[in-house]
Amino acid sequence: MLAKVMSSAVNGVDGLAVEVEIDIAFGLPTFTTVGLPEGAVRESKERVKAAIKNAGYEFPNRRITVNLAPADVKKVGTGYDLPMALGILAASETLISPILDQYAVIGELSLDGGVRSTQGILPMVMAARRAGMRGVLVPRENAHEAAVVAGIDVIGISTLPEAVEFLNGVSPLTATQVDIPKLFQENTVHEVDFQEVKGQAHAKRALEIAAAGGHNVLMKGPPGSGKTMVARRLPTIMPDLSFEEALETTKIYSVMGLLPEKKSLMTTRPFRAPHHTISDAGLIGGGQNPRPGEVSLAHNGVLFLDELPEFKKHVLEVMRQPMEDGTVTIARAANSLAFPARFILVAAMNPCPCGNLGDPTRQCTCTAVQVQRYESRISGPLQDRIDLHLEVPAVPYKDLADSQAGEPSATIRARVVAARRVQEARFIGRKKIYCNAQMGPRDIKQFCQLDRGSQQMLEKAMQRLHLSARAFHRIIKIARTIADLENTDMIRQNHLAEAIQYRRQEPTGR
């Protein structure tokens, strides 16, 4: 007899509806799974067989064929155990349910018939909703994560018999509900604050501009000057995630199995700080079965690269495409996947290998050749894609000893949010543009008009600093953000002058 159970798969970070077809026929007892199953999926037959027997049901001693359609997409993970088991029970007429075709089923089985949690529940439930399913059966541990998706009933299941009794109408279960506003209210709490940063007013101002316009930042300064400290506080002044952004971010963490325990939705902007020994696949994603990398885990948040010159050069170079496009494309012979990667890059580096170049209190022991070699580890094209370049000097004693607290993150964030609202109104109706940093040449021409004096100032800066065309556009975008922070429509010369100083790079010297 033939039975069909709807389930879901993960393709990249998106869900894909999968139909699990089970055919039980006369013949020698076999259990065959087809439809490009990966190793864990092929092993499902042992778990399913043991779970059905230990749950008190009879396992059919016949020829069983399981097809996972569409058959041209590789099936990865353990979430097919429960739909396979229910399909076998339905094909053997142990399960006779008029609503089986209305529910998608996802879940891993233990040998005693228990249902265990599964990675990637959120995108899989979203795929089930797109497929028109009335509801979805998921592991109870994943129920709150799945219930974030509106428009579909989420039924949490603990055991295989519980799923059978629900589908047979013997034991009704209530759909899981979550309070989205409450999730945002409870989880948007930061453990750090900008008021803890002593001095460094220049760095604070630059990060405020970065948060307001979505600009990338490169900080150069001696060890202990506070580069890491201010970088870790950047998410505290960024606007809160919208529900759509939270869903995008949560999908990635769900697929990677990194969603924090008892947290069904990512409501704070992520902050990722990978070590400089990371590989290119670890940074942008990849592998035999391509998975997201750190740039995707930082989606809608901050990617912090400390000790930037210590990263392998080829690893840094692969970031060029995601920095420009906001997506990472992983191409393989069988298929091509795109992972979202729209983030603010904050990079930090020392001025020289020993870190003391330019420090008035400590002697630098590096030669000019060593300094030049150190700085050349970061290519010009990569530096050109970073909007704000700033020096972060050592903090003097009087600033460290000052007992007065600095400006809190909440105050700075209020200004940033006001500037972002101006940008939202400016870019309404334009796809994939959410802030000034994402403007293209056409948008710059429309929204960033310069008066005669500003044009002359920018022309002189281009000639003296030998800036590229990309730097020309980035200066204008930074100036647009500075004007938005002051809530002015026109870009004035003082806005442009401040923007130019963030592109001015000091020549290496002794």
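# Backbone, packing and core contacts in a predicted model

E93 is located in the loop that runs between α3 and β5. Helices (H or I, at least four residues) and strands (E, at least two) are DSSP runs, numbered from the N terminus. The structure is a predicted model, in which local features need pLDDT of at least 70 and side-chain atom pairs count only at pLDDT 80 or more, while totals for chains, interfaces and linings use all residues. Residues are numbered from 1 along each chain as its sequence is written, and side-chain values use heavy atoms, with hydrogens and water left out.

## Backbone geometry

Most residues other than glycine have a negative phi, and most peptide bonds are trans. E93, which is not a glycine, has a positive phi near 65 degrees. Q200, also a residue other than glycine, has a positive phi of about 55 degrees, and Q200 is placed in the loop between α7 and α8. The peptide bond from A69 to P70 is cis, with omega near 10 degrees. P70 belongs to the loop between β4 (63-69) and α3 (81-91).

## Overall architecture

The protein has 22 helices and 18 strands. Its C-alpha atoms fill a box of roughly 85 × 45 × 45 Å along the principal axes. Of the 510 residues, 52% are buried, where buried means under 20% relative accessible area, exposed means over 50%, and partly exposed lies in between (1.4 Å probe, protein chains only). Among contacts (heavy atoms within 4.5 Å) with a separation of 6 or more, 73% are between residues 24 or more positions apart.

## Nonpolar cores

A nonpolar core is a set of buried Ala, Val, Leu, Ile, Met, Phe, Trp, Tyr and Cys residues joined through side-chain atoms within 4.5 Å. The largest such core has 50 residues, and M219, L234 and V346 have the most contacts inside it. Helix α21 (residues 469-485) gives the most to this core, contributing 8 residues. Beyond four places in sequence, V346 touches V217, M219, A231, L234, V302, L303, F304 and L305. Another core of 41 residues lies apart from the largest one, and its members include V20, V115, I155 and I157.

## Helix packing

Two packed helices are described by the angle between their axes and the distance between the axes. For α18 and α21 the angle is about 115 degrees and the axes are 8 Å apart. Here axes are lines fitted to C-alpha atoms, for helices over the stretch in contact, and angles run from 0 to 180 degrees between N-to-C directions. The crossing of α18 past α21 is right-handed; a crossing is left-handed if the near helix is turned anticlockwise from the far one by less than a right angle, and right-handed if clockwise. Residues R415, V416, A419, V422, Q423 and R426 of α18 make the contact with R480, D484 and L485 of α21.

In helix α22 (residues 493-501), the buried positions are H495, L496, E498, A499 and I500. These buried residues of α22 pack against α8, α20 (452-465) and α21.

## Aromatic pairs

The whole structure contains 4 aromatic pairs. Rings of Phe, Tyr and Trp (its six-membered ring) pair if their centres lie within 6.5 Å; planes under 30 degrees apart count as stacked, over 60 as edge-to-face and the rest as tilted. One of the pairs, Y103 with F166, is edge-to-face, with 5.5 Å centre to centre and 90 degrees between the planes. This pair links distant parts of the chain, 63 residues apart: Y103 in strand β5 (residues 103-105) and F166 in helix α6 (residues 160-167). Both Y103 and F166 are buried.

F427 and F447 have ring centres 5.6 Å apart and planes at 85 degrees, so this pair is edge-to-face. F427, in the loop between α18 (409-426) and α19 (441-447), is 20 residues from F447 in helix α19, and the pair links distant parts of the chain. R426 lies over the face of F427, 5.7 Å from the ring centre; a charge sits over a ring if NZ of Lys or CZ of Arg is within 6 Å of the ring centre and within 35 degrees of the ring normal.

## Loop residues and accessibility

N356 occupies the loop between β17 (344-349) and α15 (368-375). H190 is found in the loop between α7 (180-187) and α8 (201-213). Leaving aside neighbours within four places in sequence, H190 contacts P235 and T236. H190 and S409 are 219 residues apart in sequence, with their C-alpha atoms 9.8 Å apart in space.

| Residue | Relative accessible area | Class |
|---|---|---|
| F427 | 4% | buried |
| Q200 | 11% | buried |
| N356 | 14% | buried |
| F447 | 17% | buried |
| H190 | 32% | partly exposed |
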